[in-house]
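This report describes the architecture of a single protein chain.

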Amino acid sequence: MKGHYNVLFLCTGNSARSIMAEAILNIKGRPNFTAYSAGSHPSGTVRPEALRQLEKAHISTNGLRSKAWDEFSGADAPRLDFVFTVCDNAAKEVCPVWPGQPLTAHWGIPDPAAVHGSESEIERAFREAYFLLDRRISLFRCLPFKALDNLALKRELDNIGQTMPLVAPDR
C-alpha cells in the first residue's frame, strides 16, 4: 500500500464518536493520514461534550462539523482507503458505493450521546468513548501497511474493532 491514507469514520448522527475519531486521527496521524467523518442521518450539530473532550486532550476542534456521507461518495470526493463505522446503526445501513473500494471495518463504540444522567455521568461516557477511539486509532496507526496484503490488513482492522482501552478512563 501507499504512504498516505484517507480514512472516513461513519456514524448515524455524526455528532460525537465519528467527529472525535476524525479529530484524533488528523492530529495523531499526521502526515500519513487524513481523516474525515460523516453520518447517514447527520444531526447538523456537533455535541458540545465531544468538543470539550477533544479540547481537554489538546486537540483542535476548528472546522469540525456534522455532515452527510453523501459528501464522500461523489466523483469529486477524496479517494478513501479505509472506512470505519463507529456505531451499530450505521454499520447495519446500506452504505453508498465508495470510490476506490476502501477497506472497511466496524469499530463499534457505545453512544455517549445516549447516556442520560448527571453531568458527570455524561462526561464520563464521552471520556470513555474518546479513550476507546484513541486506543483503536493508535493501534491502527502502528499497522505495517506496506507489509500486509488486503486480506491480512482486513483481519487486523477487524481485530482492532474488538480492542478495549488500556487505561481506565476514570482518571
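## Helix α1

In this predicted model, α1 is mostly covered, with nine of its twelve residues buried. The buried set consists of R17, S18, I19, M20, A21, E22, A23, I24 and L25.

From its first C-alpha to its last, α1 reaches 16 Å, close to the 16 Å expected at 1.5 Å a residue.

## The sheet

The four strands form an open sheet in the order β2-β1-β3-β4, and their pairing is parallel. β2 and β4 are the edge strands, each pairing on one side only. From one strand to the next, the twist averages 20°. Helix α1 packs on this sheet through contacts with β1 and β2, and its direction makes about 170° with that of β2.

The parallel strands β3 and β4 are joined by four bridges. Across this pair, F84 stands opposite A105 of β4.

In soluble globular proteins, nonpolar side chains tend to be buried together. The largest nonpolar core here has 40 residues, and the members that touch the most others are F9, F82, F84, W107, F140 and L157. At least two residues of this core come from each of β1 (5–11), α1 (17–28), β2 (33–39), α2 (48–56), β3 (82–85), β4 (103–106), α4 (119–141) and α5 (150–160). The greatest contribution is that of α4, which gives nine residues.

Leaving aside residues up to four places away in sequence, L157 touches F82, F84, L103, A105, W107, F140 and L143. Another core, of eight residues, lies apart from the largest one; among its members are A38, W69, F72 and L80.

## The chain as a whole

The chain contains five helices and four strands, which run β-α-β-α-β-α-β-α-α from the N terminus on. Of its 171 residues, 47% are buried. The accessible surface comes to about 8,500 Å², and carbon and sulfur atoms account for 52% of it.

Among contacts between residues at least 6 apart in sequence, 73% join residues at least 24 apart.

Conventions: Residues are numbered from 1 along each chain as its sequence is written. This is a predicted model: local features need pLDDT of at least 70, side-chain atom pairs count only at pLDDT 80 or more; totals for chains, interfaces and linings use all residues. Side-chain values use heavy atoms; hydrogens and water are left out. Buried means under 20% relative accessible area, exposed over 50%, partly exposed in between (1.4 Å probe, protein chains only). Contact means heavy atoms within 4.5 Å. Accessible areas come from the Shrake-Rupley method with a 1.4 Å probe; for residues, only the protein chains shown count as cover. A nonpolar core is a set of buried Ala, Val, Leu, Ile, Met, Phe, Trp, Tyr and Cys residues joined through side-chain atoms within 4.5 Å. The expected span of a helix is 1.5 Å times one less than its number of residues. Two strands pair if DSSP finds at least two bridges between them. Axes are lines fitted to C-alpha atoms, for helices over the stretch in contact, and angles run from 0 to 180 degrees between N-to-C directions.
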